[in-house]
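Here is a quick walk through one protein model for someone seeing it for the first time. Have a look at the sequence and the structure, then read on.

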Amino acid sequence: MTDILVVINPTHDDSLDLAAAELIGAASEIGTPVALTVTADHADELASLGASRVLVAPGASLVDATVAAFDLLYPAAVVFGHSVRGRETAARFAARTRKALLTDVVGLRRDPEGVVADHSNFGGAYTAVGAATHSAPVVTLRPGSVDKRAQPATPAVETLEVAASDARSATVVKVTPVVRSSPRPDLVTADKVVAGGVSLGSEESFEQLVGGLADALGAAVGATRSAVDEGQVPYEAQIGQTGVLVSPKLYIGVGISGAIQHLVGMQTSDTIVAINNDPDAPIFEVADFGIVGDIFDIVPKIISELDSRK
């Protein structure tokens with residue numbers, strides 16, 4: 001079994017799921033990626049991302065389509081994105097087919113017995129390994145955790161025959177997207193992120209220091225839950241277990257102590273820089289570079305130095 005079934009979730013605006021490249025890349029490390037989609041609009045894009053075969057099930061329920069694709073391929077694993085929709089579909093498929101479900105995976109590999117999934121737990125405090133004792137595992141992959149990208153392919157695009165099941169399902173009848181008014185990069189996809197903690201004290205200080213440093217770097221703005229709860233920054237900036245997961249090339253934490261709930265959301269960043277006046281702050285344990293000092297003194301100097309170099 002060398003085929004790896006990659007399930008591409010539909011988006012509310014019919015664009016290609018941003019996780020598609022990463023999912024196909026991860027699948028290419030352990031087998032041959034076969035993409036499943038419920039629209040033919042993205043077949044060429046999926047090919048350019050490395051799918052060797054594209055199965056299209058127009059108008060079908062994604063769970064029903066995944067069942068049909070599995071019965072056609074008998075793949076070594078079924079891979080979903082660890083998004084709200086991905087987790088929901090993966091769980092329904094696993095329950096219906098009685099497959100092992102491995103969620104929030106940060107890496108996939110193979111050993112002589114099959115597919116093995118790596119999990120990073122409690123902010124990277126320890127790593128767990130999961131595998132199915134029989135049949136193919138159903139995996140949800142954490143966004144931003146895999147750098148591998150597959151080579152472009154010229155796949156065969158096939159229409160998949162799907163038999164509708166009698167299983168109960170929910171239908172989304174209306175979607176109201178959040179309209180972003182900020183000119184800064186989108187937090188989820190940004191290459192650089194500057195995040196702040198509650199110690200900034202006020203909305204004005206947060207914007208001055210975190211926003212100022214982000215603008216000097218061309219970065220997105222993020223925050224801890226406590227900063228959001230205090231009204232220093234809107235909810236959509238929250239990074240962590242109850243916010244968004246980010247994995248930028250550069251992450252700078254300003255006045256962030258490093259609670260596990262926050263570390264879960266940013267620990268896979270390529271380079272982590274921490275600025276905090278507490279030398280024992282947990283964030284220094286995961287940081288590549290650390291600056292110990294008063295953020296109200298240090299950050300304005302960094303902004304000034306960056307501006308002088310432009």
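How do the residues of the lining of the second largest pocket divide into nonpolar, polar and charged? There are 12 nonpolar, 13 polar and 9 charged ones. Here Ala, Val, Leu, Ile, Met, Phe, Trp, Tyr, Cys and Pro count as nonpolar, Asp, Glu, Lys and Arg as charged, and the others, Gly among them, as polar.

Before going further, a word on the ground rules. This is a predicted model, where local features need pLDDT of at least 70 and side-chain atom pairs count only at pLDDT 80 or more, while totals for chains, interfaces and linings use all residues. Residues are numbered from 1 along each chain as its sequence is written, and side-chain values use heavy atoms, with hydrogens and water left out.

**The pocket**

Rolling a probe the size of a water molecule over the atoms shows where empty space is left. On a 1 Å grid over the protein atoms alone, a pocket is an open set of points where a 1.4 Å probe fits, with protein on both sides within 12 Å along at least five of seven lines; lining residues have an atom within 4 Å of a point. The second largest pocket has a volume of about 790 Å³, a volume being the space filled by probe spheres set on the points, with grid points joined across faces, edges and corners. Its lining is made up of 34 residues, and those nearest the centre are Pro 10, Leu 62, Arg 85, Ala 170 and Val 172. Two elements give two or more residues to this lining: helix 3 (62-73) and helix 4 (84-97). Helix 4 gives the most, with 6 residues. Helices (H or I, at least four residues) and strands (E, at least two) are DSSP runs, numbered from the N terminus.

Now for strand 4 (77-81). With 5 of its 5 residues buried, strand 4 is largely enclosed by the rest of the structure; buried means under 20% relative accessible area, exposed over 50%, and partly exposed in between (1.4 Å probe, protein chains only). Ala 77, Val 79 and Gly 81 are buried on one side, and Val 78 and Phe 80 are buried on the other.

Strands pair if DSSP finds at least two bridges between them. Strand 4 runs parallel to strand 1, joined by 3 bridges, and Ile 4 stands opposite Ala 77. Strand 4 also runs parallel to strand 9, this time with 4 bridges, and Gly 81 stands opposite Leu 141 there.

Among the buried ones are Glu 22, Leu 23 and Ile 24. What covers them includes strand 1 (3-7), strand 2 (32-37), helix 2 (43-48), strand 4, strand 6 (107-111) and strand 9 (138-141).

Strand 11 (residues 192-196) and strand 12 run parallel and share 4 bridges, and Val 194 has Val 221 as its bridge partner. Strand 12 (residues 220-223) is covered on both faces, with Ala 220 and Gly 222 buried on one side and Val 221 and Ala 223 on the other.

Leu 217 lies in helix 5. Why does Leu 217 count as buried? Because its relative accessibility is 19%. Leaving aside neighbours within four places in sequence, Leu 217 is in contact (heavy atoms within 4.5 Å) with Lys 192, Val 194, Ile 252 and Leu 306. The C-alpha atoms of Leu 217 and Val 194 are separated by 8.8 Å, and the two residues are 23 residues apart along the chain.

Most residues other than glycine have a negative phi.

| Residue | Phi | Loop |
|---|---|---|
| Tyr 74 | about 45° | between helix 3 and strand 4 |
| Ser 135 | about 60° | between strand 8 (126-130) and strand 9 |

Tyr 74 is exposed, with a relative accessible area of 51%, whereas Ser 135 is partly exposed at 38%.
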